[in-house]
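Please keep the viewer open as you read.

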Amino acid sequence: MTEQGNENFPRRAFLARAAKAGACVSGACAAAYLLYDSKGPVPASKKQQLVTLPDFSVPAEPGRSMCIATGPDRKQTFNKAIDSLGGIERFVKTGDTVLIKPNVAFATPPMLGATANPQLVAQVARLCYSRGNAKRVIVTDNSINDPASCFQLSGIGTAARQAGAEILLPKPTLFAHTTLSGGELIRNWPILYGPFEKVDKVIGITPVKDHHRSGASMTMKNWYGLLGGRRNIFHQNINTIIAELAMMVRPTFVVLDGTQVMMTNGPTGGSVSDLRRTNTIIVSTDQVAADSFGATLLDLTPSDLPYLRKAQAGGAGTTDYKSLKPVIAEVAG
Amino acid sequence: MKIVTVRRLSQVFFFTVFIWFCIVTTQGTRWWQLRGWPVNLFLRLDPLVAIGTILSTHRLYAPLLWALVTVVLTILFGRFFCGWVCPFGALHQFVGFLGNRKKPLAKRLQLNKYRKAQCIKYFVLIFFLASAAVPMLGWAWLQTGLLDPIPLVTRSINLTLLPIVDSLTGTISATPRYYQGACLVLGLFFAALFLNLLIPRFYCRFICPLGALLAILSRFAIWRIGKNTSECSNCKLCEKACEGACEPASQIKISECVLCLNCLDSCKDNVISYQPMPSLAGEVTNPDISRRGFILSLTSGVFAVPAVRLAGKLADNWPHKLIRPPGALSEAEFLKRCLKCGQCIRICPTNVLQPAGIEFGMEALWTPVLNNRIGTSGCQLNCTACSYVCPTAAIRPITLSEKLGLGEFAEAGPIRIGTAFVDRSRCLPWAMDKPCIVCQENCPLSPKAIYTEEVFNTVRDGSLAVKKISALKIETVEKIMQPGKFATGDYYCAAGESKRAKITSNTENSIELAPNAALEKTLGIGDKIEVQVRLQRPHVDIEKCIGCGVCQHECPVSGKRAIRVSADGETRNPERKILLDT
């Protein structure tokens with residue numbers, strides 16, 4: 001804009017300009033008043049929007065909380081196990097949204113057994129739809145290796161999608177902070193919370209694996225894949241974190257796949273010679289009990305795994321799996 | 001349809017295809033991901049890539065044969081590539097159009113005048129080609145990619161613009177991607193673009209070494225722009241939008257003409273045509289390369305190599321943090337081929353591959369290097385993507401069997417890209433007596449290259465005297481323990497060398513023991529006991545480690561990692577090996 005000087009500078013123009021200048025002055029003053037901060041920065045606030053995972057368990061039925069099924073074929077063995085606990089209909093109701101949390105930690109092919117078996121994941125998803133009449137099945141994990149590669153190479157991505165499930169990769173926006181009431185480690189820590197929103201049922205699926213630090217990686221350790229942030233610092237106190245994870249996640253049921261057990265070089269494996277065939281699948285509403293039995297597949301006893309005792313003390317389940325009177329089933333090969 | 005409309009459509013088409021190929025350079029099986037899309041097409045069509053690698057390696061790598069198409073067409077028809085195909089040229093033309101469209105005719109004529117400085121691009125070309133062909137001591141390198149428009153724009157889109165856009169939308173990559181030093185890449189890109197506001201197609205006219213090469217190739221073009229009659233009103237309208245500043249109104253500089261055909265379109269009297277006959281107003285066929293400039297750029301190109309190599313980065317002062325992806329050739333050979341196009345960096349599924357800065361040597365700028373602090377997890381064991389996408393085989397295509405040393409490669413063993421070293425002054429179990437071994441757990445090899453040694457160390461203030469024993473509970477004289485601290489399952493109570501029992505809980509002056517060790521039965525009042533922590537201390541088995549860096553990526557000491565990979569022992573440079581052959 002250009003203005004031209006004039007000997008008879010009109011009063012009107014002067015007033016208009018004065019009014020604009022006044023508006024700018026009051027604007028500057030108002031901004032200073034509104035933004036005025038008398039205290040300066042303070043240490044980061046501890047108060048944060050915290051989330052809590054709801055309880056996804058279903059009412060207990062005596063004698064129908066755990067099944068140990070043996071058989072060479074995962075699909076048939078799982079079917080047998082879930083049926084002997086009342087069928088998937090007992091757990092998944094019409095219109096439910098089900099979240100499956102398989103172990104998809106590593107970008108390795110399914111034959112190495114470092115990740116949940118894709119056919120087993122697909123079978124669970126399929127049953128949720130076909131007999132549980134689920135509305136939606138979500139599969140998610142915060143993998144250790146690159147998540148997209150893990151879902152692809154483990155075969156879980158393709159198998160789950162074919163079964164109609166939806167894969168949710170751990171995008172940064174899906175994480176929210178949580179604090180476990182009574183926990184000492186899970187305090188204001190980010191977890192993969194987004195997939196749990198609007199979810200009615202949660203199923204954990206994981207293979208039995210050797211784990212050098214904690215002794216064994218099974219259904220409780222599987223929830224490690226929900227932690228975000230630099231979660232590896234928890235390895236300093238591995239037993240407590242696994243116990244707290246079991247206290248944090250109350251699943252509908254867990255599937256512990258001991259069809260093939262990783263006996264050595266866990267939890268990554270890397271060779272078929274690390275695996276031993278034990279032809280067992282445990283389906284349980286009590287993850288502590290499932291893992292207590294699972295320990296025996298690794299030639300361990302529950303007392304070898306301190307996190308089991310801690311989880312029991314924290315109320316996550318019982319290490320005395322026999323007290324649940326598990327159903328023993330067998331599928332001929 | 002007007003011929004310039006056809007040209008614009010061609011530019012839009014090739015630019016779109018180019019961007020599309022950048023987007024699909026993403027690992028995955030969806031239709032918009034890398035699954036056979038010819039994502040290197042433009043790099044292959046680029047004759048500067050082919051000629052540069054021929055000079056440095058004396059070979060024409062098979063896929064680069066595509067450049068022959070461009071060469072032949074340029075020899076016959078002139079610089080059509082600049083005006084019709086080049087995605088960077090299209091961008092320049094568009095920005096130049098935006099910036100200059102409102103300028104008056106006289107100003108535009110002045111902007112589109114031929115300038116003496118347009119010869120600079122030939123000297124840039126000669127400088128780069130001379131250094132690629134240095135005959136001494138196998139010292140040649142390939143640096144054309146710094147300014148060659150195709151690698152430049154590929155790198156700029158791949159490593160800066162796409163990740164910026166995708167960080168807002170999150171469609172291409174699930175997790176945000178990072179590229180160290182990317183702002184320098186972006187700076188060069190935008191500097192080149194903004195120069196169009198000064199003079200249209202500034203980069204093409206003054207700097208572009210590919211344009212210079214094509215200009216030289218078009219010396220004998222069968223068809224060229226020129227006047228078909230000497231009856232010309234000399235209105236100069238043909239130079240109003242001349243992209244190459246080749247002055248078609250007077251003696252046309254054939255080498256500068258990018259075949260934008262704006263002159264053809266703006267001539268009211270159809271004086272100008274694309275014809276076999278030389279222009280009736282005369283033409284200048286040779287690029288303006290002065291003898292002095294030629295010798296100067298040639299010798300500086302030749303001397304630049306030994307000058308930069310004075311830093312010794314290819315000799316004893318080799319940069320040990322320069323970890324190249326598996327399949328990368330030996331460093332000297334690698335530098336003869338790498339275009340710095342960033343395709344490998346873009347395709348890397350874990351984002352561990354990064355453009356190098358000059359700390360690895362001037363000549364390594366923007367070449368691929370692993371940075372295990374960035375990305376989702378080191379170099380993924382079952383992945384060879386970068387080796388397949390590399391347009392010049394600087395990273396040669398390797399199979400998974402070769403990478404892992406399986407089958408016929410069992411004797412050669414796996415390809416090592418470096419070796420991990422435990423920093424015992426930072427490692428939690430080594431330096432701080434805290435249990436950890438995340439590195440061991442994540443080592444993807446079987447058997448693992450990281451193994452552990454079990455140690456029981458007495459904790460600080462952990463020597464105590466027994467005051468009272470009741471069942472499994474031992475009370476101590478001292479009241480100094482932090483309640484619950486030793487209840488993690490990693491702490492033990494020891495009496496003497498070999499007698500030890502796990503602690504299940506503790507108060508400030510008592511500990512509770514696990515039942516099965518029967519240690520309490522051997523103790524008496526006043527005996528000394530020690531609280532010990534069970535540690536598994538990691539060791540790297542140097543004969544197994546391949547340097548993938550997963551351990552370094554996962555190490556919970558997140559600043560300077562307590563286990564770090566250095567390039568020592570990498571397969572590609574046998575002189576850098578540590579171990580004797582066994």
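The text below goes through ring pairs, charges over rings, and cavities.

This is a predicted model, where local features need pLDDT of at least 70, side-chain atom pairs count only at pLDDT 80 or more, and totals for chains, interfaces and linings use all residues. Residues are numbered from 1 along each chain as its sequence is written, chains are lettered from A and ligands numbered from 1 in the order in which they are written, and side-chain values use heavy atoms, leaving out hydrogens and water.

**Aromatic pairs**

Rings of Phe, Tyr and Trp (its six-membered ring) pair if their centres lie within 6.5 Å; planes under 30 degrees apart count as stacked, over 60 as edge-to-face and the rest as tilted. Across all chains, the search finds 20 aromatic pairs. One of them is stacked because the rings of B:F88 and B:F189 have centres 5.8 Å apart and planes at 15 degrees. This pair joins distant parts of chain B, with B:F88 in helix 6 (residues 87-100) and B:F189 in helix 10 (residues 182-198), 101 residues apart. Helices (H or I, at least four residues) and strands (E, at least two) are DSSP runs, numbered from the N terminus.

Buried means under 20% relative accessible area, exposed over 50%, partly exposed in between (1.4 Å probe, protein chains only). B:F88 is buried at 1%, and B:F189 is buried at 2%. Ring pairs also tie B:F88, B:F189, B:F190, B:F194 and B:Y203 into a cluster.

B:F456 and B:Y492 make an edge-to-face pair, 5.1 Å centre to centre with 85 degrees between the planes.

**Charges over rings**

A charge sits over a ring if NZ of Lys or CZ of Arg is within 6 Å of the ring centre and within 35 degrees of the ring normal. Two cases are tabulated here.

| Charged residue | Ring | Distance to ring centre |
|---|---|---|
| B:K253 | B:Y114 | 5.2 Å |
| B:R500 | B:F456 | 3.9 Å |

**Cavities**

On a 1 Å grid over the protein atoms alone, a cavity is a set of points where a 1.4 Å probe fits but cannot get out; lining residues have an atom within 4 Å of a point. The count comes to 14 cavities of 30 Å³ or more. The largest cavity holds about 190 Å³ of space. Its lining has 22 residues, and A:A105, A:I144, A:K221, A:Y224 and A:G225 are the closest to its centre. The second largest cavity holds about 120 Å³. Its 17 lining residues include B:C348, B:C379, B:Q380, B:C383 and B:C386, which lie nearest its centre.

Technical notes:
1 Å grid on protein atoms, 1.4 Å probe; cavity = no way out; pocket = protein on both sides within 12 Å on 5 of 7 lines; lining within 4 Å. Points joined across faces, edges and corners; volume = space filled by probe spheres on them.
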